[in-house]
Amino acid sequence: MDSFFSLLNNAVLLLALVVIFDAVRLQKIAPTRYKSILSGIFIGIIAISVMSNPWELRPGVFFDARWILLSLSGLFFGFIPTLIATAFALSFRLYLGGDGVYVGSLIIVCSALLGLGWHYWLSISTSKLNWKNILTMSLIVEFVVIGCLLLMPIDDRYNIVSTISPTLLSVFTAMSFLLGLLLKHRMDSQKLAQELLRHQQLLETEKNLLQNIIDAIPDLIFYKSTDGKYLGCNKAFVNQMSLTLDEIKGRTDHDLFSTQQARKFIDDDTHALVQRATVIYEDKVVANGVEHIYRTQKTPFTNVDGDILGIVGVSHDVAEKRNIEERLQRSESTYHNIISTAQDGFVMASLDGNIIEVNQSFANMTGYSTSALISMSVNQIETDEKRQFSPRNLDRAKHKKRFNYTSLHRHQQGHLYHVEVTVSYWDGDNGMFFCFVKDISERIEAEKKLLLSESKFRHIFERVPALSVQGYDKNRSVIFWNKASENLYGYTREQAMGNKLEDLIIPAPYRQHVIDNVNAWVEKGIPIPAEELLLQRADGSSVPVYSSHTLIKNTDNEMEMYCIDIDLSAQKKAEEQALTLSQAIEQSPISMVLTDTDSKIEYVNSAFENTTGYSAAEVIGQSTNILKSGLTPKSLYTELWQAIAAGKAWQGELQNRKKNGDIFWEHAHIAPIFDNSGVTKHYLALKQDVTQYKQQEEKILHQAHYDSLTGLPNRLLSLERLAQMIKDAKRCNNKLAVLFLDLDDFKKVNDTLGHSVGDELLIQAAARLQNTIRSDDVVGRLGGDEFIILFNDIDDQEDVETAANKLLQQFYQPFQLESRELVSTISIGIALYPNDSLDAKELLRQADSAMYHSKEQGRNTYTFFTDQMNNDMHRRLKVEEQLRNALKNSELTVYFQPFVDIRNRKIIGAEALLRWYNPELGHVTPDEFIPIAEQTGLILSIGKFVLETAFAAAYHWQTYFNRQFKIAINVSPKQFRENKFVDLLKALLAQYDIKPSSVELEITEGVLLSGDLGSVDLS
């Protein structure tokens, strides 16, 4: 029974552990280490108490629940409390002594370590503390205790272990398990209580924070229940209502506002609650005698389940804003009216130089529209780099705040104009510039004109070489002396300045007279007339001048006299030379006629008499019409009179009639002669007989435009007439035909019968062509045996075909050339306007191309131009272009076709066949490229290549196959006629030691027909 009570006592003491757990957890001891130390002390005391009340298994063998206490301490209280409790328990066990002191101490340490180890394992793993973990640890602790009991220093320890084990594994495990569950439950409950307390504190904090935030908002904020009662508001609402918060809570709109306003607010609340959405209203509210305009936003608020609990309202007083907006609008309107009607330009620009706003005056200055200027850069208009927007200029402008300058702005059309700009910097709205721009182009231009005028007149007075200008003050001292005065009188400017007039240039006998005249003009206003004077130079010599004078007031209102002297030395000398000059005119080979303004002859020289056959007595007093032939165009006379009537000279060529009736050409230079007042008094005509020159010019002009052999228009004139005919046809919507004609085999006529016969054939052919066409059509010779015919105003193609057939028939008749008859046909190519082309040169080229097709069709026919001819021409040009490099690029290859003796089926020779493969054109047949090679002369180098290749192959076959092997080679007629052809054959025969009998040259029948017969000994 005592053992049972002891065990029960241990259980009660273990329950004290739970009390300690709750007490320590709930105590508000700030430092955690103090809680741990206090817990460790309490647990250590319980451990001593448990060890002081053991239960006796048998006499001398005692047990208690110390390991349950220490293992649960390690699991729930941690390291420091368990360490302190373990130290208490170990100290007390060592104090008790006995044989089992070491085993008892080991059990204390092991149970404490096991509890701490379990606590550590749970902290680092993802496992949670639950009943399974507690039960498992309890069993393990009991097994460890049983293991330690086996170490007891007594003989019957196994009997003791076997006796105590069921109790340990059942009762003690149950005690440990139940106590652990109780501690876990208390721990969970305390955690929940702490979490709840924390959330309550957080909620209260947030509530206070929210209320502080709401109170800090200047707008009126309130919230009401669904039945319209106020639940709360912010300070702004309280202040507006002049009530306390407690006085507002629980009241309705009827309690706070007038009946009309309350109904309006209640209706707004109902609408927001029904819509379950935010609504916005504007209401006028009178509070404390002040009218407010509130813009109110009302929003329903709900609980977590979505049930509407009430409504939250936020009211913003927009009355002041409205007033500000109205004032701003009026201000902006006034500003825009001022700016828009201002005569000067206005520009608002951002810091990056982009234009934000302009007025119409600035738009008119620049030539742009106001919309086009917006977002343009100021730098597109401002030309001065120092005034353009850049970081450096921007900093300087910000520092100055306000400044003005003059510059050049660029107009939309590209020209520059002068402006005066006043700039103000405003640092609001991130900063911007206000610029007032004034167009000062007219002012600048006026200033320039004024400066230019002053400079011009000063420059004139300073530089004009013919006018000596001097200026004198009222005392006759020199104040101005120009360069002409230096040259005229011999005094430099420095020598003259400050000296008296009479001491410088007035001769001694006249000095007092000049002094009196000047004083009379200055003092009494008696002017000095302009007159010829004989003045004196610095070297004492006399100089005749024509002197005029003027008197003016200077800026100091003092009189100044300016004299303008003209040197008459040259005039006097000219008068002396006048007689000599008149004699020279009489001796001049150029006709000279002087008339009055009515064209009545006043004077003629002897050259006129010699040229026209009229004497001076016969023509003086007569009109110049006496010379008119009626061949000079009236428009020329109109031009002449317009020129001389305007005071200008006229020159040109006139066809006049001599006294004997002969027509002659004169080159005339006619000019008006003015008196001193600028009025025309006479007309002077200088004329030269250019009849011989005109005849030569007409001859040269005819030679430049007409064929010297046939008299037909040449290529130049034919193309000019074709161009004019195209212009007329385009204007009248007519059609044209261009015929390109070529005499067939004309070269043979020249080569066989001589060039004189060929020329006669061309003359007769031209005559037949002229006799065949209409009078308004054109026939011309392009050169050689090529002619062109231009048919004007044709109706359709059949008209051209009829004309072409008629031309062909004309050439069926033989030509009588010296003592023989010769038939020469023609080949014709035809191009039509506007069907084929609109260009004269292109029509001629197309007709030429069509003529070559007529040649290819057998000659003596006509062909109309087609697009295919163009393609053929382009193909031919491409082939010719590639053929020029074919030999260099190793594109030509010689193939050999064997000759077989049919009697014995043996190869006795071969024919050399030329083939061409071009990377761009592919395989080109000999029928296509051989004629082109002959026409371009490339056949000579190609033929040489074939001969050399064929002879090399023949040498190889004769050496290694058959000495009698024959080789056949095709030779071009052009190659056959080449002077060096025979020399080339001889050289190849000698080089390759081939007998002439082994070589066969195949030549076309054209060589025999050409008459180039002859033989050469190749042996």
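**Exercise 1. Aromatic pairs**

How many aromatic pairs does the structure hold? Then classify the pair of Phe346 and Phe436.

*Solution.* The structure, a predicted model, holds 23 aromatic pairs. Rings of Phe, Tyr and Trp (its six-membered ring) pair if their centres lie within 6.5 Å; planes under 30 degrees apart are stacked, over 60 edge-to-face, the rest tilted. For Phe346 and Phe436, the ring centres are 5.2 Å apart and the planes stand at 55°, so this pair is tilted. Phe346 is in strand β8 (residues 345-350) and Phe436 in strand β12 (residues 432-439), so the pair ties together parts 90 residues apart in sequence. Strands are DSSP runs (E, at least two residues), as are helices (H or I, at least four), numbered from the N terminus.

Local features need pLDDT of at least 70, side-chain atom pairs 80 or more, while totals for chains, interfaces and linings use all residues. Residues are numbered from 1 along each chain as its sequence is written, and side-chain values use heavy atoms, without hydrogens and water.

**Exercise 2. Burial and cluster**

Is Phe346 buried or exposed? Which residues do ring pairs link into a cluster with Phe346?

*Solution.* Buried means under 20% relative accessible area, exposed over 50%, partly exposed in between (1.4 Å probe, protein chains only). Phe346 has 2%, so Phe346 is buried. Phe436, at 39%, is partly exposed. Trp426 and Phe434 form another tilted pair, 6.2 Å centre to centre with 35° between the planes. Trp426 is partly exposed at 37%. Ring pairs link Phe346 with Trp426, Phe434 and Phe436 in a cluster.

**Exercise 3. Asp795**

Where is Asp795 found?

*Solution.* Asp795 is in the loop between β25 (786-794) and α29 (797-810). Its relative accessible area is 58%, so Asp795 is exposed.
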